[in-house]
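Please read them with the structure open.

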Amino acid sequence: MNKNSNTYTFIYASVMVILVAAALALVSDSLKAKQQRNVDIDKMTQILTSVKVASDMSTAEAKYAEVITAAYAVNAKGEKTITDAKQTFAIDMAKEMAKPVEERNLPVYEATVEGSKKYIIPLYGAGLWGPIWGYVSLEGDANTIFAASFSHKGETPGLGAEITTSNFQTPFTGKQIFRDGQFRSIAVMKAGVKSETQDQVDAISGGTITSKGVEAMLYDCLSVYEAFLKTIKED
Amino acid sequence: MLVNPISKNNPVIVLVLGICSALAVTAQLKPALVMGLSVTVVVAFANVIISLLRNTIPARIRIIVQLVVVAALVIIVEQFLKAYAYEVWGQLSVYIGLIITNCILMGRLEAFALGNRPFDSFLDGIGNGLGYTLILVIIAFFRELLGSGKLFGFQVIPDCLYEAGYVNNGLMIMPPMALIVVGCIIWVHRSINKDLQEK
Amino acid sequence: MEALNLFIKSIFIDNMVFAYFLGMCSYLAVSKTVKTSVGLGIAVTFVLLITVPVNYLLDTYVLKEGALVWLLGEDAASIDLSFLSFILFIALIASMTQIVEMVVERFTPALYAQLGIFLPLIAVNCAILGASLFMQQRAFPNVGHATVYGLGSGLGWMVAIVTLAAVREHLKYNKIPAPLKGLGITFILVGLMSMAFMGFMGIKL
């Protein structure tokens, strides 16, 4: 057959495309379970970081089982909507945040660390270049922050990406999200500027938009839990 | 065939191929090594596949066929990294995908695999991949050592040195120093191999 | 306003060459004279301006998890083809450069005479694929942002190559140690330029 004929070229290209697509689909399908497990373990590591429990890929699952005592979801009125821990873990914050407030399932993880109960709340928002997310853990008083951890996908290294470092995260410890019984969230302010109405932490110099993104994310994600947090306080 | 690309015909510092990734992933040794090995795997197998097909490929769509083979191999490597080396996969991010446009690949496919037998092409691919890996590891060694005082994530500079006032050079992890380190490697390499010097 | 912000950032702060080392091969090979680098810069910008938004549409309406809902109905919500993105992006880039080449040749022969030799090179320029992959990673909200990002990145690349060429033209008259000549000094030079560009980092928009 003539190698330069149109038919040959066309058949060649078609056969190649079909073979390649089949091979790729096979590989992707057979590795999917393993990849999903990695994604889950990564999420567990982040949740554990937010209650100051260090873990890595090999220890995360065991530690998660030990530290996290319950996981459930509530709605904006503070009523439980999902009680199953597995279902709660599978909630995709990106999708929940896109829904109207009343329809959102808001995940809550309960952890026992240093002998007392903490509540972990997931966060999701936008940085300069793309999504940023994280977890913040509250003391049993549903007001004082025990610790926070943040992650990002594509913030500028050395600037916005600094939100993942302890320099940025540690100051959150001890800050309060309610003041005089009012929900205030936490402000992320340039060093030296004082907020009258809110507890605050220092922003990243040069990473202004990412810092503002963290501040907005804290407000947006925590404010919908207000009703739920008040019910804990009353208990 | 296997040894030549490691120094005399090194793809990175002599032929100037595949620079992008060489610079971007070398802030630490571990991602640099994984990147180097990924490229080695891809270039070796792409060479073999193209060499096996070399007598059947229609001339008009040659480049597209090569791109498809390379892209498919890169996707397979990416899927494996995501499944078995998740943390490194996260660090390499978009640069895994950029292996596709790594000029080493297209360069070797065009220059070697299209005209040689599969086994020779395989060796050529391994040799070029290792030459690339070697440079990556050298750059990453200096950048991680001077930039964070670590090698493979383990601290190697003793604490007493830090107490005596030594500080990590943060600039080493930033982009500019990667370029300057490569410049210095070329300098050393060409001082030894005088015939490579430009006039 | 947000788009303007993105535009400036992609030119200066997240510069393709100085911050992410993308498109280095042709950057080093073609930057010997200002004239050819302007030509290549325009060609890169042109192709980026087209491929980034087109790949954005491809990603949003075909590849992403649940992206096929508009075509196949709710049943398709769990289809995730993103593992195919590399291969489709590169195929699209290769065919786009081919089309651009043909269109330019047909309608503006003068431009073709200048850009013609560069266009085939561009399919394997990592800046082009890189921009599409960054676009996917950064999850831009709409196609407008993706277009602005493509244009900004292209112009950033052009700024980088033209300035380097300008410096290299003068380098000829300097005394440089023999082993450093050519490639070696160019790397160091780009390193210094990249350091200068780091100065843009603190910029507030």
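**Notes on the chains and their contacts**

1. Start with the fold of chain C. From the N terminus on, its elements run α-α-α-α-α-α-α-α-α-α. That is ten helices and zero strands. Bear in mind that this is a predicted model.

2. Next, the dimensions of chain C. Its C-alpha atoms fill a box of roughly 70 × 45 × 35 Å, taken along the principal axes.

3. Chain C carries a nonpolar patch on its surface. The members are C:Leu57, C:Tyr61, C:Trp70, C:Leu71, C:Leu72, C:Ile79 and C:Val143. Together they have about 670 Å² of accessible area. Two elements of chain C give two or more residues to the patch: helix 3 (34–63) and helix 4 (69–72). Helix 4 of chain C gives the most, with three residues. C:Tyr61 lies in helix 3 of chain C.

4. Now the interface between chain B and chain C. The contact takes 43 residues from chain B and 40 residues from chain C. The area buried between the two chains is about 3500 Å². Carbon and sulfur atoms give 83% of that area.

5. How many salt bridges are counted between chain B and chain C? The count is zero. For polar contacts, the count between chain B and chain C is one residue pair, with both residues at pLDDT 80 or more.

6. Which elements of chain B give two or more residues to the side that touches chain C? They are helix 1 (19–24), helix 3 (62–84), helix 5 (94–97), helix 6 (103–111) and helix 9 (175–192) of chain B. Helix 9 of chain B gives the most to this side, with twelve residues. By residue type, the side of chain B that touches chain C divides into 31 nonpolar, eight polar and four charged.

7. Salt bridges do occur in the model. Over all chains, the count comes to nine. Side chains of opposite charge can pair when their charged atoms come close. One pair to look at is in chain A: A:Arg37 forms a salt bridge with A:Glu61. The closest N and O atoms of this pair are 2.8 Å apart. The pair links distant parts of the chain, with the two residues 24 residues apart. A:Arg37 sits in helix 1 (residues 6–49) of chain A, and A:Glu61 in helix 2 (residues 60–67) of chain A.

8. To recap the interface: chain B and chain C bury about 3500 Å² between them, with zero salt bridges and one residue pair in polar contact.

Terms used. Residues are numbered from 1 along each chain as its sequence is written. Chains are lettered from A and ligands numbered from 1 in the order in which they are written. Side-chain values use heavy atoms; hydrogens and water are left out. Contact means heavy atoms within 4.5 Å. Buried area is the accessible area (1.4 Å probe) that two parts lose on being put together, summed over both. A salt bridge is a side-chain nitrogen of Lys or Arg within 4 Å of a carboxyl oxygen of Asp or Glu. A polar contact is a pair of N or O atoms within 3.5 Å; within protein, one must be able to donate a hydrogen and the other to accept it, and residues adjacent in sequence count only if both atoms are side-chain atoms. Helices (H or I, at least four residues) and strands (E, at least two) are DSSP runs, numbered from the N terminus. Ala, Val, Leu, Ile, Met, Phe, Trp, Tyr, Cys and Pro count as nonpolar, Asp, Glu, Lys and Arg as charged, and the others, Gly among them, as polar. Patches are made of residues with over 30% relative accessible area and no salt bridge: like charges are joined within 9 Å, nonpolar side chains (Val, Leu, Ile, Met, Phe, Trp, Tyr) within 5 Å. Accessible areas come from the Shrake-Rupley method with a 1.4 Å probe; for residues, only the protein chains shown count as cover.
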